[in-house]
Amino acid sequence: MSKEEFKEKLAVTFTSAAFDESGQWLNMTVPAAEWLNVASDLRVLEGAPFDYMFCLTCVDWKTKLTMVYHLECMQTKDIVVVKADLDRNNPEIESVSYIWRTAEFHEREVYELFGVKFLNHPDLRLLILPEGWEGRNPMRKDFEDPVNMIKL
Amino acid sequence: MYRESQIIRNNTPDNYMVINVGPQHPSTHGVLHFVITLNGETVVKLEPHLGYIHRSIEKMCESLNYRQFVYVTSRMDYLSSHINNHACALCVEQGLQVEIPERAQVIRVLMDELTRLASHLLWWGSMAMDIGALTPFFHAFREREMITEIFEETCGARLTMNYICPGGVMADLHPDFQAKVKAFLKQLKEKLPEYHELVTGNIIFQNRTKGIGILSKKDAISFGVSGPTARASGVSCDVRKRYPYELYDKLEFKEVLEDGGDCWARYLVRMEEINQSVAIVEQLIDHIPEGDIQAKTKAVLKLPKGEFYSRVETARGDLGVYIVSEGGTTPYRIKFRSPGFSNLSAMETMCKGGKIGDFVAVMGSVDLVIPDIDR
């Protein structure tokens, strides 16, 4: 399916989403509050169920955080990128680890590196960072580490 | 609301035993720490603790320019360092919109497949060693040594090669390259039947792996598992076939699929992949075209504003490089989607309900590289 056809198909189901087809794959920006509904609809989408989440990450834009989800349909090879903007001071979004099990570990990684709180996550703890690290998020742009200096 | 499955986390009764495997344990192939809860000998819960060699490569790359950051990525999956570099180079080239000379493309694919062979040979030796057979390790290293020598001659390094760079490859092939690769292929093909005699046909090995650590197709997709581990569960996920990059759409090779989902199926998939990689190298080794090894690019690379994602198939699975560019000389944000990280998350499902002794067999068959998980 071409990106335009695909966009038209998705635009019918997801009325609140903003689409952008200039990149490599179809991009879709949804309000963070609706992400869980969008995710579960995408997972069972007729004709192209997005059953494979191959990337979950976050980008710090200094004014906001953006969650980026890369989804793939195993049958049709379609790929869609879903984005959701979060408030930088109090980032919260629903967890999707019940829909794609791989999200559980990826969300734990984003939680500790960016400080995004995933609601209803089964086990939201530190994964990579040592115990007692809470509060500082290394991948944020304003993070400073006096010991191992990485200047941006 | 769609629900894949119910995730249940209960506190375990007091009479269950908790043991630590790692951070330094021979079967974890590096510094990975598992906390395993046991009921007698049966695994009830398996919890990985990561971060012992976390270097925050993603953060480091934000301060390096597009020529420099490739070097750091050799240190992620050190057994597939050519393929890591390849993924980064592809991503940068996608942003720059440059065409790579044909000679460089062929060299890249050759290096990728030799890396895959080296990685699978090492896996074969170490998996057999995990299960208790020490001899295969030395056999595998004999053949692997020939590949590392080939790499050393052309790239100057044996493990972290930093050879594939944005625009092409760093240096031309060593004059002996073709002869040495052919000698290696000849020896590997002679020795492969010996491998099968030693391990594949061994009844003890078969008993230790058949029906152990089963991962269903549904779970494999849900956990985002990729590479040989997923293909052993019948998931067709070879990036080289699904989203061909470089020359892979012009080459003849099969995507190896098994549907057992157990350690034995994963073993068979990797053994057959060795044959497929040999076939690819054979198709190309006599047809390396003459010409440039690098496209003409500027000394300082600048990517346009936007997002770029490249996917390649490493020896362990689907490696993704995601670059967010603000138009500068360094990436604004870079994310490495490492195959090991997702494969690790499926470990609990594979081990649960099995015996603690089988954990080692599962660990061997999934073929995790820890720096790739921690990054």
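Student: Which helices each supply at least two residues of the lining of the second largest cavity?
Tutor: Helix 3 (103-114) of chain A and helix 1 (57-62) of chain B each do. Helices are DSSP runs of H or I with at least four residues, strands are runs of E with at least two, and both are numbered from the N terminus. This is a predicted model, where local features need pLDDT of at least 70 and side-chain atom pairs count only at pLDDT 80 or more, while totals for chains, interfaces and linings use all residues. Residues are numbered from 1 along each chain as its sequence is written, chains are lettered from A and ligands numbered from 1 in the order written, and side-chain values use heavy atoms, without hydrogens and water.

Student: Which residues line the second largest cavity?
Tutor: From chain A come A:Glu109, A:Leu113 and A:Met139. Lining residues have an atom within 4 Å of a cavity point, and a cavity is a set of points on a 1 Å grid over the protein atoms alone where a 1.4 Å probe fits but cannot get out.

Student: What supplies the largest share of that lining?
Tutor: Helix 1 of chain B does, with three residues. By class, the lining of the second largest cavity has three nonpolar, two polar and five charged residues. Asp, Glu, Lys and Arg count as charged, Ala, Val, Leu, Ile, Met, Phe, Trp, Tyr, Cys and Pro as nonpolar, and the others, Gly among them, as polar.

Student: How much space lies in the second largest cavity, and how much in the largest?
Tutor: The second largest cavity holds about 60 Å³, and the largest holds about 70 Å³. The volume is the space filled by probe spheres set on the grid points, which are joined across faces, edges and corners.

Student: How many cavities of 30 Å³ or more does the structure hold?
Tutor: Five.

Student: Okay, what lines the largest cavity?
Tutor: Its lining is made of B:Tyr78, B:Leu79, B:Ser81, B:Thr115, B:Ala118, B:Arg144, B:Thr148, B:Phe151, B:Arg158, B:Leu159 and B:Met161. Two elements of chain B give two or more residues each, helix 4 (102-131) and helix 5 (135-155). The largest share, three residues, is from helix 5 of chain B. Sorted by class, the lining of the largest cavity has six nonpolar, three polar and two charged residues.

Student: Switching topic! Where does B:His139 lie, and is B:His139 buried or exposed?
Tutor: B:His139 lies in helix 5 of chain B. B:His139 is buried, as its relative accessible area is 17%.

Student: Which residues is B:His139 in contact with?
Tutor: Setting aside neighbours within four places in sequence, B:His139 is in contact with B:Trp124, B:Glu194, B:Tyr195 and B:Leu198. Buried means under 20% relative accessible area, exposed over 50% and partly exposed in between, with a 1.4 Å probe and protein chains only, and contact means heavy atoms within 4.5 Å.

Student: Last topic, sheets. What is the order of the three strands in the open sheet of chain B?
Tutor: The order is 1-4-5, with antiparallel pairing. Two strands pair if DSSP finds at least two bridges between them.

Student: Why is one side of strand 1 left without a neighbour in the sheet?
Tutor: Strand 1 (17-21) stands at an edge with a single partner strand, and so does strand 5 (42-49).

Student: How many bridges pair strand 4 with strand 5 of chain B?
Tutor: Strand 4 (residues 33-39) and strand 5 of chain B pair over seven bridges. Within strand 5 of chain B, B:Val43 is the bridge partner of B:Leu38.

Conventions: On a 1 Å grid over the protein atoms alone, a cavity is a set of points where a 1.4 Å probe fits but cannot get out, and a pocket is an open set with protein on both sides within 12 Å along at least five of seven lines; lining residues have an atom within 4 Å of a point.
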